[in-house]
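Subject: Structure handover

Hello,

Here is the structure I promised to pass on. Please open it first, then read my notes below.

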Amino acid sequence: MIEARGLTKRYGATLAVDDLSFEIKPGTVTGFLGPNGAGKTTTMRCILGLDHPTKGSVTVNGRPYAERRFPLHEVGALLDASAVQPGRRADQHLWALAQSNRIPRTRVHEVLELVGLTGVARKRIGTFSLGMNQRLGIAATLLGDPGVLMFDEPVNGLDPEGIVWIRHLFKRLAAEGRTVFVSSHLMSEMALTAENLIVIGRGHLIAQGAIDELTSRTAGNVLVKSPQAEELTRLLIDQQAKVELDGSAIRVRGLNAPAIGELAAAHGIVLHELAPELASLEETFFELTGESVEYRADEPVPSRGA
Amino acid sequence: MATTTTTPTAEAPATPPEPTGKPTGSLWRAVLASEWTKLRTVRSTVWTLFATFVVTIGIGSLIALARTSRWDNLSLHDKLTFDPTSFSLRGVFLAQLAIGVLGVLIVSSEYSSGMIRTTFAAVPQRRVVLYSKAIVFAIVAYVTTAIACLAAFLIGQAIFAGTRLPTGAVLGVSLSSPGALRSVLLAAFYLTVVGIIGLALGSLLRRTAGAIATLFGIVFVLPILTSALPSPWDTDVGKYLPSGAGVASFTVKHTSDLLHPGAGFLVLVGYVLFALWIAGFALTRRDA
């Protein structure tokens with residue numbers, strides 16, 4: 001359980017995080033989504049007590065992180081997998097961390113096994129690939145078998161096999177009842193791993209909630225095929241939905257799939273197909289963060305809905 | 001490589017796992033053990049300690065050889081005031097460079113790699129981290145430099161043993177002669193102090209280059225600048241500098257421009273405490 005209340009962090013003239021409040025619950029993977037420079041890393045640094053909030057507060061399991069003694073037993077976090085000293089061996093790196101939190105040496109070998117690095121345990125970290133570094137970083141977060149886990153852009157640098165592995169790992173950790181908090185600027189990645197989302201842009205909270213809710217609330221194109229398309233179209237327009245013809249199907253906007261299904265059933269209309277268009281998370285993301293992208297190259301994307 | 005391919009279940013049990021075996025015990029012991037592991041598992045430790053060792057003994061021996069080979073050219077006054085103990089320990093002036101670099105690197109290398117954030121996430125009690133680093137470093141540095149200084153002293157005295165004073169006595173002294181053992185131990189202490197000042201600077205400045213430059217400014221450049229002051233300010237200020245207090249602590253034959261050895265020792269202790277205090281103060285107030 002991670003809880004932020006009015007979290008604000010200013011670096012000189014830059015307001016990195018602005019009055020951010022959220023709650024991250026155990027037992028699910030919560031995605032932390034936002035464009036580059038939105039304040040995701042800053043928020044995570046504040047959670048870990050590395051940066052002092054300018055205003056507001058953030059607690060882990062009800063207490064500020066920095067008040068903890070031996071915190072790795074409660075919280076494991078990976079902010080930057082390349083932030084390790086390259087001259088040290090993988091097992092030495094983990095052992096030094098373990099010692100600082102009174103974690104037994106056997107656990108070092110367990111977590112190396114868990115991330116598949118047993119074979120290179122005695123190799124210098126400097127010889128590792130990006131993906132191996134990422135696995136080492138994940139091993140470090142698991143050292144204390146913590147109930148809260150936090151990862152900043154964890155799929156960066158991983159090969160496809162590693163990405164699949166990490167998705168399964170996150171889901172399994174959440175299924176074990178842990179709080180899993182994962183940041184990403186890739187909406188497609190979040191669609192596959194996260195159940196809940198916190199979306200921020202320019203330090204502001206833009207949206208939070210279950211991923212299905214967020215996608216149905218915004219974008220929400222639904223492709224419908226029906227032998228009674230004409231009648232259905234009339235009903236949909238009555239419901240203030242926008243309808244356009246797409247070959248033999250109709251594309252509905254402004255009403256989600258369950259609502260369309262119920263509407264059809266209520267009027268005895270047969271549906272052959274009722275398909276929410278899945279690219280919608282990306283659209284949601286653009287719609288939600290449109291005004292808050294920090295660095296933009298192309299023309300403005302549509303402004304976000306109210 | 002994927003060792004964990006168990007299919008995750010969608011439904012999650014509501015209760016998070018209890019923190020297993022919440023550890024108790026000494027935070028200091030844990031962090032000291034961790035910092036000891038860190039120190040001994042990077043190569044820079046071995047290289048800088050090796051350099052400190054070689055330079056202390058090598059330069060000390062060279063200076064002793066040079067001095068004895070030109071002994072007859074010295075004036076009678078120079079011969080009678082010659083301090084064989086401090087001359088055998090002159091390698092310290094170059095060795096402080098190597099040990100200072102190690103002190104700086106212990107903290108600054110964690111900043112340059114980003115490791116420091118992992119460290120502080122594992123131990124939010126940042127002062128405990130800093131002081132544990134200092135303690136572990138001090139022990140390792142003192143043991144190394146004490147052995148090096150003892151060796152330099154013994155080799156130096158063996159070289160001086162072949163030369164005689166105008167009084168007919170042998171130039172070299174033994175470890176049991178007045179002030180000799182104290183000088184050896186305090187020369188090592190001075191080297192350790194320079195290293196700890198380096199460690200504090202590494203923590204304050206976070207950049208290796210900047211911290212090393214500042215440390216060398218303090219131990220090499222400041223004495224040169226103060227010597228340009230008009231008398232008596234040059235010696236009055238100079239003897240309180242870390243380098244001046246260091247020389248005083250490992251000199252046997254005293255001159256008026258040096259502090260008493262005991263006072264020199266206390267000045268060094270003062271520098272260490274001040275450096276660590278200010279580094280610890282800044283560390284807890286700044287973002288990591």
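Start with one residue pair: A:Ile200 stands opposite A:Leu205 in β9(A). Strand β8 (residues 196-201) of chain A and β9(A) pair in the antiparallel sense, over 6 bridges. Strands pair if DSSP finds at least two bridges between them. Helices (H or I, at least four residues) and strands (E, at least two) are DSSP runs, numbered from the N terminus.

Some ground rules. This is a predicted model, where local features need pLDDT of at least 70, side-chain atom pairs count only at pLDDT 80 or more, and totals for chains, interfaces and linings use all residues. Residues are numbered from 1 along each chain as its sequence is written, while chains are lettered from A and ligands numbered from 1 in the order in which they are written.

**The sheet in chain A**

Chain A has 10 helices and 13 strands. An open sheet is formed by 6 strands, in the order β5-β6-β7-β3-β8-β9, with mixed pairing. Its edge strands are β5 (75-78) and β9 (204-210), each pairing on one side only. On average, neighbouring strands are turned by 15 degrees against each other, direction ignored.

Helix α1 (residues 40-47) of chain A packs on this sheet. It touches β3 (29-33), β5, β6 (148-152), β7 (179-184) and β8 of chain A. Its direction makes about 150 degrees with that of β6(A). Angles run from 0 to 180 degrees between N-to-C directions, and axes are lines fitted to C-alpha atoms, for helices over the stretch in contact. Contact means C-beta atoms, placed from the backbone, within 7 Å. Helix α5 (residues 160-175) of chain A also packs on the sheet, touching β3, β6 and β7 of chain A.

A:Ala77 stands opposite A:Met150 in β6(A). Both faces of β5(A) are covered: A:Val75 and A:Ala77 are buried on one side, A:Gly76 and A:Leu78 on the other. Buried means 20 or more other C-beta atoms within 10 Å of the residue's own. Of the 306 residues of chain A, 48% count as buried.

**A helix pair in chain B**

The axes of helix α5 (residues 92-113) and helix α9 (residues 208-227) of chain B come within 9 Å and cross at roughly 150 degrees. That makes α5(B) roughly antiparallel to α9(B) (angles over 145 degrees count as such).

Best wishes

Conventions
A residue is buried if 20 or more other C-beta atoms lie within 10 Å of its own, exposed if 12 or fewer, and partly exposed in between; C-beta atoms are placed from the backbone. Two residues are in contact if their C-beta atoms, placed from the backbone, lie within 7 Å. Angles under 35 degrees count as roughly parallel, over 145 as roughly antiparallel, 65 to 115 as roughly perpendicular and the rest as oblique.
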